[in-house]
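This report describes the fold, the aromatic pairs and a selection of individual residues. The sequence and structure are shown first.

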Amino acid sequence: MASNVNPTVRRRRLGQELRRLRELKGMTAEEVAERLLVSQSKISRLENGRRSISQRDVRDLCGVYEVEDQRMVDSLMEMAKDSRQQGWWHAFGDVPYSVYIGLETDAASLRVYDPQVVPGLLQTRQYAEALISGALPETAHTEIEKRVQVRMRRQERVSSGENPLRLWSVMDESALRRVVGGRELMRDQLEHLVEQSQLPHVTVQVIPFDMGAHPGLNGQYAILEFPDTADSSVVYIEGVTSDLYLEKPNDVQKYSVMYEHLRAQALNVDQSRQFIADIAKGYVR
């Protein structure tokens, strides 16, 4: 297989196929766990792609599901092998949100709402460093620098001239008003935001304070969509100690509808760009 196989996406696809085989067999995850003498949580983690899966796991599960097509077994075993490869982010050591990075790396489009800060894919290096330092005050400088480097590497999906990520960002005015790292740094960041918003695959909208209450007041979230129709969309909600991934169609639909309301209530693209530029002028050098 090619060396650029995304292990995170491979695990998701493999997990979805294993879930399909289990459901065809009419078995619950608990019943499968009892047969294999493992925990039910292990079966669930394998199916949702949050856990690395071995070829032995695949072999055992195919045995339980009585899969007779050897070509299918071989294909699943190969997917398990691919899923254990390391993505580019592993070179940076233990990255706390590596699952999300894997999904973002393979996504075709990303819709993100940020109520407090400029989204990571549109941040300057200086803004990212100041933001991470402020958010993690007890973290060593080397760890902060590693996170900044990962963030800059992620931005290649936006800056790439070949198959760039389709990014739609809606942010609250507070993200533009919060002074991160000083006023001059903020001016540079907002000017960068204006420049990025002019890319054909990047859309930026702002919800001003005077819009009042809106559906995004509950917090930040992102919706990832993938080029392969076999890969279901994912809603990502970042947490302090753990992150939440929602993949059920009903959940994704609810967040998608909420995002449509956010886009409708925000300033249009041209108004948003001018709004950001005007605030940037207020941050005198």
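## Basis and overall architecture

Helices (H or I, at least four residues) and strands (E, at least two) are DSSP runs, numbered from the N terminus. This is a predicted model, in which local features need pLDDT of at least 70 and side-chain atom pairs count only at pLDDT 80 or more, while totals for chains, interfaces and linings use all residues. Residues are numbered from 1 along each chain as its sequence is written, and side-chain values use heavy atoms, with hydrogens and water left out.

The chain contains 13 helices and 6 strands. Its C-alpha trace spans about 70 × 40 × 35 Å along the principal axes. Of the 285 residues in the chain, 46% are buried; buried means under 20% relative accessible area, exposed over 50%, and partly exposed in between (1.4 Å probe, protein chains only). Among contacts (heavy atoms within 4.5 Å) in the chain with a separation of 6 or more, 74% are between residues 24 or more positions apart.

Arginine 22 belongs to helix H1 (residues 7-25). With a relative accessible area of 11%, arginine 22 is buried. Apart from neighbours within four places in sequence, arginine 22 is in contact with Met27, Thr28, Ala29, Val32, Glu47 and Tyr65.

Helix H2 (residues 29-36) packs against helix H3 (residues 40-47) at an angle of about 115°, and their axes are 8 Å apart. Here axes are lines fitted to C-alpha atoms, for helices over the stretch in contact, and angles run from 0 to 180 degrees between N-to-C directions. On the H2 side the contact is made by Ala29, Glu30, Val32, Ala33 and Leu36, and on the H3 side by Gln40, Ile43 and Ser44. By class, this contact has 5 nonpolar, 2 polar and 1 charged residues; Ala, Val, Leu, Ile, Met, Phe, Trp, Tyr, Cys and Pro count as nonpolar, Asp, Glu, Lys and Arg as charged, and the others, Gly among them, as polar.

## Aromatic pairs

A pair of aromatic rings is described by the distance of the centres and the angle of the planes. Rings of Phe, Tyr and Trp (its six-membered ring) pair if their centres lie within 6.5 Å; planes under 30 degrees apart count as stacked, over 60 as edge-to-face and the rest as tilted. The count by this rule is 4 aromatic pairs. Tyrosine 100 and tyrosine 236 form a stacked pair, because their ring centres are 4.2 Å apart and their planes lie at 25°. Since tyrosine 100 lies in helix H6 (residues 98-106) and tyrosine 236 in strand S5 (residues 234-237), the pair ties together parts that are 136 residues apart in sequence.

Tyrosine 221 is buried at 2% relative accessibility, whereas tyrosine 255 is partly exposed at 23%. One aromatic cluster is formed by Tyr100, Tyr236 and Tyr245.

Arginine 154 is located in helix H8 (residues 141-154) and counts as buried at 9% relative accessibility. Beyond its neighbours within four places in sequence, arginine 154 contacts Trp88, Tyr97, Tyr100, Ile101, Glu104 and Leu121.

Methionine 171 is part of strand S2 (residues 166-172) and is buried, with a relative accessible area of 0%. Not counting residues up to four places away in sequence, methionine 171 touches several residues, including Tyr113, Pro119, Leu193 and Val206. The C-alpha atoms of methionine 171 and proline 119 are 8.1 Å apart in space, at a sequence distance of 52 residues.

## Exposed loop positions

Glutamate 66 has a positive phi, near 55°, in a residue other than glycine. Glutamate 66 lies in the loop between helix H4 (55-64) and helix H5 (70-83) and is exposed at 53% relative accessibility. Asparagine 163, also not a glycine, has a positive phi of about 55°. Asparagine 163 is placed in the loop between helix H9 (156-159) and S2, and is exposed with a relative accessible area of 63%.

Lysine 248 occupies the loop between strand S6 (244-246) and H12. Lysine 248 is exposed, with a relative accessible area of 60%.
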